[in-house]
Every structure is written in structure tokens, then in C-alpha cells.
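Reader: I am new to this structure. Please take one part and look at it closely with me.

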Amino acid sequence: MSVLGPQQVLELAQVGRTFGEGATAVAALRGVDLTICAGEFVAVMGPSGSGKSSLLAVAGGLDRPTSGAVFVESTPLAGLGLNELARLRRRAVGYVFQDFNLVPTLTAGENVALPLELDGTSARKAHRQAADALRQVGIPELADRFMDQMSGGQQQRVAIARAIVGQRRLILADEPTGALDSTTGHGVMEVLRARADAGAAVMLVTHEARHAAWADRVVFLRDGRIIDQAAAMHDPTMLLTQAGL
Amino acid sequence: MSIRHSLLALLQDQPRYGYQLRVEFENRTGATWPLNIGQVYTTLDRLERDSLVAKEGDDGEGHVVYSITAAGKAEVQSWFAAPVERNNPPRNELAIKLALAVTLPGVDVQAIIQAQRVASIRALQDYTKARRDTAANQRATDTAWLLVLDSLIFQTEAEVRWLDLCEARMVQQAQAAAAGSARKTSNGVTEDAPLNADSRR
């Protein structure tokens, strides 16, 4: 990549992840090379057990690879202690999980502000940014609701707001539309696409071709290996990137 | 696709000449099915022969303007009222290709599936981007184009899901064949279990 090339936010170099040892060892990832640049939306597809979720966990520092290296904004994750890793995750990386992982005793606004407050941002500033994130996902009026007062689709939007709040440069989403109807799923894709268009690097794990199609690039995983990629051909910036320009 | 009925439906809207019909058809369907101007004129000739349209005369600039007749209106009405025939599925090259691939020795079916998957996902990406761009600056005529894009997106998605199913079937079959071969091995008979062993009849 030349100096004029887009900024790399995530880089996986020959990443392997093996669970267990000896005869019972299972290789979830084998020699995965993957780079995602600022403003790029990458979808990862593959059958169950192909390593999709392992890839996402390793990419976001939730899990450590057994071989190879992961860089987030040029910082090698292997070199970070647990506290530094936690700080990087709070500041730079946003996660969206299939089962939301929201705190039921907090309001929507408090859930979204939580990672910022944990990171030392003042309550007032954190809540202002949380309100902004809730506006971006289309539910600014629900900031004071508790989780049991919201539908599944609304909770998922809160989870996405929490993933994009502040200045997250890397957004990782694992089947974020799993429990949602197709219209709400479409809304989730719109938010992820908008974040990428605003300059974030987005990685989406999904088995739904319809959702993967929102990405600039689709990566196919099988048996822990990347076997293929598909890029939309009508996006001139991607064509330039592919040409190494 | 019924060009005949499409042109009739457009003429029911208002009288038009050949080139206008072509432009109007492509505007409303997003140029997904490009129409040859020759096709438009031969279809108009046949519609006139069948008394479904009539020549209105010249528009002053040398264009022959056609209008719909009462019989033509009735024809459009029955076209809209009748469902599109489903009992004659259109020939699906991909289904035929895979059906032949799984029944022939030495064909890498998984490679065929994956190559198609990449092509289909790429098409899906393009349709999705076109849909996004169209929805972003929505004009009145875009509603029709969005419907056509949605249809293409659903069809392509269905194709990818079907490919996933085909692949899962192949894997299942290979596993079953491998298990069968392991049983034979334990009986002292060794035999390879090719991926498409079961489907080779």
C-alpha cells in the first residue's frame, strides 16, 4: 500500500487461532490475512463453524490469536497489557452482538454513555455524545427508556448506538440483525453503511447475503481460511484501492 | 417478458410514438431489460394488425403517434388481472449446470458453487448500491425502479441461499459417503468415497 493509500484501521497478518491441544486441537483460524481501511465496510460470510465469530473476536482484541499478529491503527494488540487492551477497546473499537449485551438496569442513554464514562469522559459530555449516537440510529426520543420498555429492534439500535458512540474508528458486528424483522435489519445496515461512509472501518459477520451486499468487500471464510473475496465493481474508490493506487 | 402488453399498458396512459415508448419503458423499469427499437416497431405493427392500437397520425415532427383502441384497453385489463404463468418455470442455466455437475465424475462442484456465489454476491452488491443511491435522491419515477431493484435483490439473494443449501447437501453427502466407506474399511474392504459418489447413478 502506497503512502497515498487509504489509512489501515485493522490488519490481521497470518492470524491463527487454535482451541485445545494435541489430538483434540481444533483450528478455528488458519493463516488469515485481512486488512480493513478507514471508510471501508467488509462483510465476512461462511458456513457455521467456518471461523467467522473467532475472526471477529480476535480482530477486536476480545480473544488472542495463537499465531500471527493483529494491528488496530498500527498498534500491535499482542504488545498490550490487559488494561491497555481494555482502554483501546473502549476508545477505538465498537462491538455489536447478536444478543445486544445491554445493561437492563440502565436507560438507553446510560447504556450508550457507559463506555465513555468508564473511560473517564465527564458524565455531561458522555450523555451529549450518547444523545448524538441515539439520534444517528433514529431513536433520540427513547434515551430515557429502560430495556424492558423497548422492542427487540429498538434494543438493537441502542446496542449499535453504544458501538458507534464517540470516535470509534473500528466497528465490529456479529450477526447484528439476527433477531430482527427485515425492515429493522435494513435499518441496521443503513447505520453501519453510514458509519463507514463517515470514515469508520466496519467489519460485519453475517450469513445473510442480503446484508453482506451492503459491504464494499465480501470475504468468504471456510475451515478457518479466507477462500475468496468479492468487491462491488461500481465503486471507483474500491477499484483504485484494488489497483494499489 | 411481454413487450406487447408493456407497450399496450404505456399507450393506455397516453398516445405515444415508438421512440417515446422505448424511453418510457426503460425509465420505468430502470433499463434492466433494454428494448431494441426494432422490437418496438415490429410489436406496434402487430398490435395495429390485431386492432389493439391505431395510428393517430404525425406529431408534426415526422413521428408516427399510436393510440390504444377499446380492444387494446380490454387486453391490458386482462393482462393485469391474470397472474403471470408459473407452471412453466423459465430455464435456469445455473440449476441445469449444477444438476449435470453433481452427476458427472471429476467435476469440482464446490468450486462451481463458490465461483457462482462470488458472482452472485457481486451482483447483489451492485443492486444494493443502486438501490441505496436511488433511494437517497428519490424522484417520482424512482418508485418503479426501486420495485424492480427489490425484485432483483430478492432473486439474487434466493440464488445465494440456494447455493448455500447445495453446498451443505454436498458436504452432508460426502460425510455420509465417508462414514459408509469407514464401515466398509472395518470389514476389510477399502474403497474411496468421492464427493459425488451417491449422486452418480
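What covers the buried residues of helix 3 of chain B?

Author: First, some ground rules. This is a predicted model, where local features need pLDDT of at least 70, side-chain atom pairs count only at pLDDT 80 or more, and totals for chains, interfaces and linings use all residues. Residues are numbered from 1 along each chain as its sequence is written, and chains are lettered from A and ligands numbered from 1 in the order in which they are written.

Now the helix. The cover of its buried residues includes helix 1 (3–13), helix 2 (18–29), strand 2 (53–58) and strand 3 (64–68) of chain B. Helices (H or I, at least four residues) and strands (E, at least two) are DSSP runs, numbered from the N terminus. Helix 3 of chain B spans residues 37–49, 13 residues in total. From first C-alpha to last, helix 3 of chain B reaches 19 Å, close to the 18 Å expected at 1.5 Å a residue. That expected span is 1.5 Å times one less than the number of residues.

Which residues are buried? In helix 3 of chain B they are V40(B), T43(B), L44(B) and L47(B). They sit on the same side of helix 3 of chain B because they cover an arc of only 105 degrees around the axis. The arc is that of the directions from the helix axis to the C-beta atoms. Buried means 20 or more other C-beta atoms within 10 Å of a residue's own; exposed means 12 or fewer, and partly exposed lies in between, with C-beta atoms placed from the backbone. The face turned away from the buried side carries exposed residues: G38(B), T42(B), D45(B), R46(B) and R49(B). After helix 3 of chain B comes S51(B), with a positive phi near 60 degrees.

Next, the contact between chains. On chain A, 14 residues are in contact with 14 residues of chain B. In contact means that the C-beta atoms, placed from the backbone, lie within 7 Å. Helix 7 (209–212) and strand 10 (225–231) of chain A are the elements that each give two or more residues to chain A's side. That side has ten nonpolar, one polar and three charged residues. Here Ala, Val, Leu, Ile, Met, Phe, Trp, Tyr, Cys and Pro count as nonpolar, Asp, Glu, Lys and Arg as charged, and the others, Gly among them, as polar.

In chain A, six strands form an open sheet in the order 6-7-8-3-9-10, with mixed pairing. Strand 6 (93–96) and strand 10 of chain A are its edges, each pairing on one side only. Two strands pair if DSSP finds at least two bridges between them. Strand 3 (41–45) and strand 9 (217–222) of chain A pair in the parallel sense over four bridges. A43(A) has V218(A) as its bridge partner in strand 9 of chain A. Chain B joins in here: its helix 6 (109–136) packs on the sheet and touches strand 9 and strand 10 of chain A. The direction of helix 6 of chain B makes about 40 degrees with that of strand 10 of chain A. Axes are lines fitted to C-alpha atoms, for helices over the stretch in contact, and angles run from 0 to 180 degrees between N-to-C directions.

Finally, strand 3 of chain A. Five of its five residues are buried. F41(A), A43(A) and M45(A) point one way, while V42(A) and V44(A) point the other way. Strand 3 of chain A also runs parallel to strand 8 (201–205) of chain A, joined by four bridges. There V42(A) stands opposite M203(A).

Key. Two residues are in contact if their C-beta atoms, placed from the backbone, lie within 7 Å.
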